[in-house]
Amino acid sequence: MQKKNILITGSSGYLGRNLLKKLANKASFNLIGLDIKPHKEIPGSVNFINMDLKNIESDSKIFKNVDLICHCAGITNSHTYTGNDYRIYNVDITEKLYQEANKNGIKKIILTSSIAAINMNLFDQDWPVDETNNSLPDDEYGKSKKKQEEIASEYAEKKLIQTIAIRPCAFFEASGIDLGFRLTGSHMIIEDVVNAHISAINVLFDNEKSSKIKMF
């Protein structure tokens, strides 16, 4: 059976490189990593592309024969970033990525969103809160993640690209779990976030399973 080609954006980031390392152990995928700079932890079997996603439309050949994109790139919640930073590196880049994916016939994307995409004060809501909730996030970071989901939803509504959006909270290595307790009331370990992405990949590559879920 022919191997599937997976492109992972933000492949040098904490999530991206851990996802690549886990996927590299599976013989069924050809892996392409894309980031503004390489990282020593990226496996040698990965075809790494050195590119700033802000310029992604200038070289669309990187999407040739790609079957699925894991969009892990973006900036995280930090007081060092402005609303404009979040617009550029989270919203604008995601918009460009979906445009280029659509131009090149890529039908499946895993979007790394965030729990911040919803307002965390939804005490009167039925939980778990799903993608139909229209609450306004609390900060500029959350608004940018919500906008990413809205972009994905627009392409899904047009039956162009099917997306599974994953909303992790802050995540750490298992060895640093004490740090998680000190910094935040909600946390995950990186292995669980990676496994959630791999599960989503497996669902989208399974025609029967993917046909039974929403386009977004």
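## Aromatic pairs and positive phi angles

Lys159 is exposed, with 61% relative accessible area (exposed means over 50%, buried under 20% and partly exposed in between, using a 1.4 Å probe and protein chains only). Welcome to a predicted model, in which local features need pLDDT of at least 70, side-chain atom pairs count only at pLDDT 80 or more, and totals for chains, interfaces and linings use all residues. Residues are numbered from 1 along each chain as its sequence is written, and side-chain values use heavy atoms, leaving out hydrogens and water.

**Positive phi**

- Lys159 is not a glycine, yet its phi is positive, at about 60°.
- Lys159 sits in the loop between helix H3 (140-157) and strand S6 (162-166); helices (H or I, at least four residues) and strands (E, at least two) are DSSP runs numbered from the N terminus.
- Asn65, also a residue other than glycine, has a positive phi near 65°.
- The loop between strand S3 (47-50) and strand S4 (68-71) holds Asn65, which counts as exposed at 56% relative accessibility.

**Aromatic rings**

- Rings of Phe, Tyr and Trp (its six-membered ring) pair if their centres lie within 6.5 Å; planes under 30 degrees apart count as stacked, over 60 as edge-to-face and the rest as tilted.
- By this rule there are five aromatic pairs.
- Tyr14 and Phe171 are stacked, because their ring centres lie 6.0 Å apart and their planes meet at 15°.
- This pair links distant parts of the chain, 157 residues apart: Tyr14 in helix H1 (residues 14-23) and Phe171 in strand S7 (residues 170-172).
- Tyr14 is partly exposed at 26% relative accessibility, and Phe171 is partly exposed at 22%.
- One aromatic cluster is formed by Tyr81, Tyr86 and Tyr141.
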